[in-house]
Amino acid sequence: MRGGFLAVALGFGAWAVASRWDEVAAGFRELTPAMVAASLAAVVGALLGAMLTWRTLLADLGSRLPVRSAARVFFVGQLGKYIPGTVWPLIAQMEMGRDLGVPRARSAAAFFLMMPVQLATGLLVAFGTLGWDRFGWLLLLVPVLLVLLEPRVVNAVIGYGLRRLKRPPLERPLTRKGMLAALGWALVGWVWYGVHLYFVAPQGGLVFAIGAFALSWCLGIMTFVVPAGAGVREVAMVAVLAPVMESGPAIAVALSSRVVIILGDLLCAGAAGLSARRRSV
């Protein structure tokens, strides 16, 4: 099913690009190397915000890793999201974390907490920046996510899952202070993601770019049947950019954003791995 969904998404994406190729090509020509480089730098800032969100959750659960070690585990493990299936980043982070003394259950808890944290903050950012008239329906999802982020609820769910797996309970429960700190870092990440989109699509302004990317990312990540929301995020981004851009240039922006984020993932993973290797030497 995953393979079929991905094939359909990529097929429709290729058709959309081919049917508007002249407009898409014109949109690509408007993107200068300086714009793309600035967008990549902003993506690195956003990825650092995501890493610090994960590190904060892990520390609140009882494993405070140095920034360099946390970066290696998070960024290298995140490359697994490009493999079909949702387990590869989890497995990578659990195994690399174990080498640093982090229990597998604690790594798994931090991993699964990342999605509701990013979804809740992303939807709040989208609503706050794009406005009630078009995206007021997002408020219907926020209360559910906020309930799921209540530490007492989170701890109960984690405890139930560990009991079902016949694993020992977590040594330290999640606290409200730790959750609020993680939410703060997640918001920082959304700002940088918005900056990255603004550099390649400045027509709507920075505030609009922050909301546009947050909404398209949230819609993409909800379709977890495809790796990293491939295709869905781009369709959502083109739709959200419709008030300020024609479809051809919007497609070019969406594709450029995808490429820049992939480059950012590779850059952060490579830099984190190289830094850890130099330190070990």
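1. R98 and E95 lie three residues apart in helix α5 (residues 88-99), so about one helical turn separates them; helices are DSSP runs of H or I with at least four residues, numbered from the N terminus. Their side chains meet in a salt bridge at 3.4 Å, N to O, the term denoting a side-chain nitrogen of Lys or Arg within 4 Å of a carboxyl oxygen of Asp or Glu. R98 is partly exposed at 43% relative accessible area, as is E95 at 30% (buried is under 20%, exposed over 50%, partly exposed in between; 1.4 Å probe, protein chains only). E95, R98 and R104 are linked in a network of salt bridges.

2. This is a predicted model, in which local features need pLDDT of at least 70, side-chain atom pairs count only at pLDDT 80 or more, and totals for chains, interfaces and linings use all residues. Residues are numbered from 1 along each chain as its sequence is written, and side-chain values use heavy atoms, leaving out hydrogens and water.

3. The whole structure contains five salt bridges. One of them joins E234 and R258, with the closest N and O atoms 2.6 Å apart. This pair links distant parts of the chain, 24 residues apart: E234 belongs to helix α12 (residues 232-240) and R258 to helix α13 (residues 247-280). E234 is buried at 11% relative accessibility, and R258 is buried at 12%.

4. W190, Y193, F213 and W217 form one aromatic cluster. Rings of Phe, Tyr and Trp (its six-membered ring) pair if their centres lie within 6.5 Å; planes under 30 degrees apart are stacked, over 60 edge-to-face, and the rest tilted. W190 is buried at 3% relative accessibility, and Y193 at 9%.

Definitions and conventions
Helices (H or I, at least four residues) and strands (E, at least two) are DSSP runs, numbered from the N terminus.
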